[in-house]
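Me: Let's go through this chain by question and answer. Here is the structure.

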Amino acid sequence: MSLFKTLFRHRPPRHYALLDDQNRCRMLLTAKERPHGGRWVEIAEIRLDWIGKPLPGAGLQQRSDPIPQA
């Protein structure tokens, strides 16, 4: 039964923010996979008051790959 659970386990959605050239949040998204294109970064939670502002350091998830530059 563990093989069945491994093959069909549910992945929780993750949260992402789209950053502009000044590192301000332009869009928030919840998805199962990281969006392609743009400067999307994974964040710990979604807060609507982050839109138009720089993300707080505590909001960013620890990532192994660098933030892509536009």
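**Fold and hairpin**

Read along the sequence, the chain runs α-β-β-β. This is a predicted model: local features need pLDDT of at least 70, side-chain atom pairs count only at pLDDT 80 or more, and totals for chains, interfaces and linings use all residues. Residues are numbered from 1 along each chain as its sequence is written, and side-chain values use heavy atoms, with hydrogens and water left out.

Me: How many helices and strands does the chain have?

Reply: Both are DSSP runs, numbered from the N terminus: helices are H or I with at least four residues, strands are E with at least two. The chain comes to one helix and three strands.

Me: In which sense do strand 1 and strand 2 pair?

Reply: Strands pair if DSSP finds at least two bridges between them. Strand 1 covers residues 14-19 and strand 2 residues 25-31. Over six bridges, their sense is antiparallel.

Me: Which residue in the turn of the hairpin has a positive phi?

Reply: Strand 1 and strand 2 form the hairpin, with five residues between them. The phi in question is about 60°. The residue is Asn 23.

Me: Which residue in strand 2 stands opposite Leu 18?

Reply: Strand 2 spans residues 25-31. The residue opposite Leu 18 is Met 27.

Me: Is Glu 33 buried or exposed?

Reply: Glu 33 is in the loop between strand 2 and strand 3 (40-43). Buried means under 20% relative accessible area, exposed over 50%, partly exposed in between (1.4 Å probe, protein chains only). At 62% relative accessible area, Glu 33 is exposed.
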